[in-house]
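Here are some notes for a first reading of the structure. Please go through the points in order, with the structure open beside them.

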Amino acid sequence: MALSIHDSLWESLAVFAAGIGAGTINTIVGSGTLITFPVLLATGLPPVTANVSNTLGLVPGSISGAIGYRKELRGQGRRVLRLSGTALIGGLTGAVLLLVLPSEAFEKIVPVLIGLALLLVVFQPRLAKALRARQERTGTSTDQSDGGPALHAGMLLASAYGGYFGAAQGVLYVGLMGLFLHDDLQRINAVKNVLAAMVNGIAAVVFLFVAEFDWTAVLLIAVGSTLGGQIGARIGRRLPPTALRAVIVAVGIVAIVQLLLYS
């Protein structure tokens, strides 16, 4: 059963604009939910309905962002395929948890997770270098194509969080993959966009059948985030690694502050 968003032109424009902003920032970094979710709440939608509507609406934006990064995805088909199974299982788990757990369940742990992810992003070059050196000394080098069991375990938890709420999910992904995958940050970001689209997609399938959502909000965010995905790809692909890390850290800090204020 879908609820009805307020029939206000200004509210509709606000939701549409939030969708553009979310699609843009999700493609570059992640955390677009922190733009759309408060706007949906401001229109009068209940929190869970707003969360579900937001997840459904952001699916096209995630796909749009992944398409925008198609050049950086070349040669990564096997990696994406291996990580996608983990992401789908995690996303499905998170979507189910949203339906059965109280909204306060992750409030305290989420800022900590994002903070740890930001530390991984900042110190990723040094940590990855130390990890490679240790693996060479011990002869335990992992398969560089998908990061090995440690990355899959982390991506499973990050995907479960993404299916549950999703704010700063991209920061978690980039932090984890940047540590375990010895690759260019832009190529890692491209994989992040594909996996985020999968997690949003599997959660959306669950929500379509069992959760309340608002079709007007979904459509406005879908159109807006699709446009934003293309904008984000144009901007994000031009950022050098240092600038991209700075953007990720800045967005992550804003996410932590906003989540603490809401909790």
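1. R79 is a buried residue, because its relative accessibility is 9% and the limit for buried is under 20%. In this predicted model, R79 forms a salt bridge with D183, and the closest N and O atoms are 2.9 Å apart. R79 belongs to helix α5, while D183 sits in the loop between α8 (169-180) and α9, so the pair ties together parts that are 104 residues apart in sequence.

2. Through shared partners, R79, D183 and R187 are joined by salt bridges into one network.

3. How many salt bridges does the count come to? The count is three. Side chains of opposite charge can pair when their charged atoms come close. Besides the bridges already described, there is one between the side chains of E72 and R237, at 2.9 Å from N to O. E72 is in helix α4 (residues 70-73) and R237 is in the loop between α10 and α11 (241-262), so this pair ties together parts that are 165 residues apart in sequence. E72 is buried, with 13% relative accessibility, whereas R237 is partly exposed, with a relative accessible area of 32%.

4. Now the chain as a whole. It has eleven helices and zero strands. Read from the N terminus, the order of elements is α-α-α-α-α-α-α-α-α-α-α. The chain has 263 residues, and buried residues make up 52% of them.

5. Helix α1 (residues 9-28) packs with helix α10 (residues 215-236). Two packed helices are described by the angle between their axes and the distance between the axes. Here the angle is about 35° and the axes are 6 Å apart. The crossing of α1 past α10 is right-handed. Which classes of residue make up the contact of α1 with α10? There are twelve nonpolar and eleven polar residues, and no charged ones.

6. G23 is a residue to look up in helix α1. At 2% relative accessibility, G23 counts as buried. The C-alpha atoms of G23 and L227 are 7.1 Å apart in space, although the two residues are 204 apart in sequence.

7. Helix α2 (residues 33-42) has these buried residues: T33, L34, T36, F37, P38 and L40. I35 also lies in α2, but I35 is partly exposed, with a relative accessible area of 34%. From I35 to A255 the C-alpha distance is 9.8 Å, and the two are 220 residues apart in sequence. Just after α2 comes G44, which takes a positive phi of about 105°.

8. V100 is exposed, because its relative accessible area is 58% and the limit for exposed is over 50%.

9. A last pair to find on the model involves helix α9, where M198 is located. M198 is partly exposed, with a relative accessible area of 26%. M198 and S159 are 39 residues apart in sequence, and their C-alpha atoms are 9.5 Å apart in space.

Terms used. Residues are numbered from 1 along each chain as its sequence is written. This is a predicted model: local features need pLDDT of at least 70, side-chain atom pairs count only at pLDDT 80 or more; totals for chains, interfaces and linings use all residues. Side-chain values use heavy atoms; hydrogens and water are left out. Axes are lines fitted to C-alpha atoms, for helices over the stretch in contact, and angles run from 0 to 180 degrees between N-to-C directions. Helices (H or I, at least four residues) and strands (E, at least two) are DSSP runs, numbered from the N terminus. A crossing is left-handed if the near helix is turned anticlockwise from the far one by less than a right angle, and right-handed if clockwise. Ala, Val, Leu, Ile, Met, Phe, Trp, Tyr, Cys and Pro count as nonpolar, Asp, Glu, Lys and Arg as charged, and the others, Gly among them, as polar. Buried means under 20% relative accessible area, exposed over 50%, partly exposed in between (1.4 Å probe, protein chains only). A salt bridge is a side-chain nitrogen of Lys or Arg within 4 Å of a carboxyl oxygen of Asp or Glu.
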